[in-house]
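Here are my notes for a colleague opening this one for the first time. Have a look at the picture, then go through the points in order.

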Amino acid sequence: MDAAERRAAAESLLGAYRGQPIGPLTQTYRGITPEDAYVIQQLQVERWKADGRVIKGHKVGLTARVMQRQLGVDQPDYGHLMDNMIVLEGQPLRMSDFVSPKVEPEIAFVLGSSVVGPGVTVPDAISAVDYVLPALEIIDSRIADWRITLADTIADNASSGAVVLGSRPVRLGDLDLRLTGCVLSVDGQVVGTGAGGAVLGSPIHALAWLANTLGRLGVGLEAGQVVIPGSLTAAHPLAPGSVVTATFAHLGTLTTRMERVAQ
Amino acid sequence: MRQWTVDRVVDELSAAEAERRDRGPITDEYPDFDLATAYLAQDRLIERKVASGETIIGVKLGLTSRAKQTRMGIDAPLTAWLTDAMVLPAGEPAPMARLIHPRVEPEIVFVLGEDLAGPGVTAARAMQAVEYVYGGYEVIDSRYQDFKFKLPDVVADNASAGRFGIGPVARSPHDIDLAVEACLLDVDGEIVDTATGAAVQGHPAEALALAANGLGRRGHRLKAGWIVLTGGMTDAVFLNPGSTVSVHFTNLGSTSVSGG
């Protein structure tokens, strides 16, 4: 893709936030690579920053083996978390803010110091974490019907939507991240269960991967930033009126709801 | 052709197990084969195992995920019998030469401290009867081709029971929140699935209560000292010769089984 095509792709995704979802970029731009896609993502982030939004952290996606298999990849991907994507618990989500939202329970890291790759090891990643919070990520796709390949989701900010963060911090040293269990319930029904081990073997691996991947681009992770490392369960679709609860071992519970739409 | 009867069902399933061959669903050939008949066949199958020297040591619960129950049109788990011949001691490989197409699933395992007889058993009452909780696994092995069966087929087949193993850590059920007790399912060092106890009927005690009530209606009681496999927490994974499947629990330790 040349620079003009990348800008056009970024514009079409930005437009989809306000209007209709678009077709897969991989069909519009046959030669699109993951590198093109990260540039397209970055162009949107630059626009959001120009509009006054602030980067508050990152998400790591494609951390589940089944998702990687579906997309034929062996690596995760990442997206940016902007300040307006972070939602308070108890603040209803609005269906009109999303295209085709799904929910995933995650263990969010909040960094106490900067960590800059490459060369970030698991102990380096652990040392950078101040505390963890329970989180519910609302994933979404500006590509119609989630017909995504790797380049589509990368370009679309790793299919980010919003993040609901809990408010009770827990120290990393008090947890076994791999074996921390979570039950995802929607409208009182258990729709998924899982553990931290579902995230690249451990969520801390996702943090190290992110620091190393961004480090190669000259970008560091900063103190105070949030990293959501990937889902403990399969994603579950959300409908108007859905009430979602994640119950974590040791981290407590977290609830969010999708506003009922007036007919 | 011999008429289909409960005894013929038992004959055919026993032969399939002994000769290590799978078969098509009996429901395809025996139109009147219903759930009640299937449980009669399951009980008779176990009576024959007991007559040949095996001892009943507990029960296993099957179809404990609500999604699977909805697909099968039921609202409670299946039950089946465990005998001492099904126990795999720690470190002993699963005998691949005697199994048809074994698959492994992680299980939360109860050992009962007192008898439990339905109907009328609640999850709270069921939990009271549990003395110890273990982490374990079941090696399931259907006598049907590709694990394809209808409900009466799998019930008569003792719910695909094969072998099972129990991990090294015993905990009091009162010390653990089983709904969030997590398990990692690991095949040759790669985590292929994760789940918590809530995947089993919302909570394994709910599954136990439903099972005790179902058994009670058929005139059976769960006995003190019995083992209860509460149901697969994840989908089952194939066990291949030379391969090792491990289950790692938050509070209930780790255990492994290899295809030998």
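1. Helices (H or I, at least four residues) and strands (E, at least two) here are DSSP runs, numbered from the N terminus.

2. A word on ground rules. This is a predicted model, where local features need pLDDT of at least 70, side-chain atom pairs count only at pLDDT 80 or more, and totals for chains, interfaces and linings use all residues. Residues are numbered from 1 along each chain as its sequence is written, while chains are lettered from A and ligands numbered from 1 in the order in which they are written.

3. Chain A overall. Chain A has seven helices and 12 strands. Its radius of gyration is 17 Å, close to the 18 Å that the globule rule gives for 263 residues, so chain A is as compact as a globular protein of that length. (The radius is taken over C-alpha atoms, and the rule is 2.2 Å times the number of residues to the power 0.38.) Along the principal axes, the C-alpha atoms of chain A fill a box of roughly 55 × 50 × 35 Å.

4. Of its 263 residues, 46% count as buried. A residue is buried if 20 or more other C-beta atoms lie within 10 Å of its own, exposed if 12 or fewer, and partly exposed in between, with C-beta atoms placed from the backbone. Two residues are in contact if their C-beta atoms, placed from the backbone, lie within 7 Å. Take the contacts in chain A between residues at least 6 apart in sequence: 75% of these join residues at least 24 apart.

5. Helix α3 of chain A covers residues 34–50, and its 17 residues should span 24 Å at 1.5 Å a residue; the end C-alpha atoms are 24 Å apart, which agrees. (The expected span is 1.5 Å times one less than the number of residues.) Buried in α3(A) are A:D36, A:A37, A:I40, A:Q41 and A:Q44. Seen down the helix axis, these buried residues fall within an arc of 140 degrees, so they line one face of α3(A). The arc is that of the directions from the helix axis to the C-beta atoms. They pack against α1 (3–18), β2 (77–82) and α6 (150–155) of chain A, whereas A:E35, A:E46 and A:A50 are exposed on the other side of α3(A).

6. A:D83 sits in the loop between β2 and β3 (86–88) of chain A. Is A:D83 buried or exposed? A:D83 counts as exposed, because it has 12 C-beta neighbours inside 10 Å. Leaving out residues up to four places away in sequence, A:D83 touches A:R53, A:V54 and A:K56.

7. Strand β7 (residues 181–186) runs antiparallel to β8(A), and six bridges join the two. (Strands pair if DSSP finds at least two bridges between them.) A:V183 is the residue opposite A:T193 in β8(A). The hairpin has two residues between the strands, and A:D187 takes a positive phi near 50 degrees there. Five of the seven residues of β8(A), residues 189–195, are buried, so this strand is largely enclosed by the rest of the structure.

8. Now chain B. Its secondary structure is six helices and 11 strands. The radius of gyration of chain B is 17 Å, close to the 18 Å that the globule rule gives for 260 residues, so chain B is as compact as a globular protein of that length. Buried residues are 49% of the 260 in chain B.

9. A well-covered helix. In α6(B), 11 of the 14 residues are buried, so this helix is largely enclosed by the rest of the structure. Its cover includes β1 (56–62), β2 (78–83), β3 (103–112), α4 (123–129) and β8 (227–232) of chain B. Just after α6(B), B:G219 has a positive phi of about 85 degrees.

10. Where the chains meet. The contact takes 19 residues from chain A and 16 residues from chain B. On the chain B side, β6 (182–187) and β7 (190–196) each supply at least two residues, and β7(B) gives the most, with five residues.
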